[in-house]
Amino acid sequence: MANIKSQKKRIITAEKARMRNRAVRSELKTYVKKVHAAVEAGDVDAAQAAANAACKKLDRAAAKGIIHKNQAADRKSGVQKLVNSMK
């Protein structure tokens with residue numbers, strides 16, 4: 001454990017950020033799974049709505065620096081390709 005006051009604060013802050021980032025990453029996976037589930041069910045409208053929601057969440061996570069912008073772009077592309085394959 002650190003002795004310096006600023007480092008103690010930094011440890012606490014980093015842990016809060018880690019937990020928040022982990023929660024957001026988990027949420028992103030859930031949104032992508034919803035798209036996969038809608039595609040499996042064969043529901044085009046639900047799949048498109050789920051893809052739109054997933055894309056919005058991915059963009060938000062990239063803007064906040066939780067995931068890299070290129071990773072967000074790759075995931076959005078994959079989700080949209082999946083939905084477009086149904087049409």
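Is glutamate 15 buried, partly exposed or exposed, and what is its relative accessible area? In this predicted model, glutamate 15 has a relative accessible area of 36% and is therefore partly exposed. Its side chain meets that of arginine 18 in a salt bridge, with an N to O distance of 2.9 Å. Arginine 18 is likewise partly exposed, at 42% relative accessibility. Because the two residues stand three apart in helix α1 (residues 5-41), about one helical turn separates glutamate 15 from arginine 18.

Three salt bridges are found in the structure, and the other pairs are worth a look as well. Glutamate 27 pairs with lysine 57, and their closest N and O atoms lie 3.5 Å apart. This pair links distant parts of the chain, since glutamate 27 belongs to helix α1 and lysine 57 to helix α2, 30 residues apart. Both partners count as partly exposed, glutamate 27 at 31% relative accessibility and lysine 57 at 29%.

Lysine 76 is partly exposed, with a relative accessible area of 24%, and aspartate 59 is partly exposed at 38%.

Turning to surface charge, Lys16, Arg20, Arg60 and Lys64 gather in a positive patch. Of these residues, lysine 64 sits in the loop between α2 (44-63) and α3 (69-84). Lysine 64 counts as exposed because its relative accessibility is 56%, above the 50% cut-off.

Terms used. Residues are numbered from 1 along each chain as its sequence is written. This is a predicted model: local features need pLDDT of at least 70, side-chain atom pairs count only at pLDDT 80 or more; totals for chains, interfaces and linings use all residues. Side-chain values use heavy atoms; hydrogens and water are left out. Patches are made of residues with over 30% relative accessible area and no salt bridge: like charges are joined within 9 Å, nonpolar side chains (Val, Leu, Ile, Met, Phe, Trp, Tyr) within 5 Å. Accessible areas come from the Shrake-Rupley method with a 1.4 Å probe; for residues, only the protein chains shown count as cover. A salt bridge is a side-chain nitrogen of Lys or Arg within 4 Å of a carboxyl oxygen of Asp or Glu. Lys and Arg count as positive and Asp and Glu as negative; His and the chain ends are not counted. The place of a charge is taken as NZ of Lys, CZ of Arg, CG of Asp or CD of Glu. Helices (H or I, at least four residues) and strands (E, at least two) are DSSP runs, numbered from the N terminus. Buried means under 20% relative accessible area, exposed over 50%, partly exposed in between (1.4 Å probe, protein chains only).
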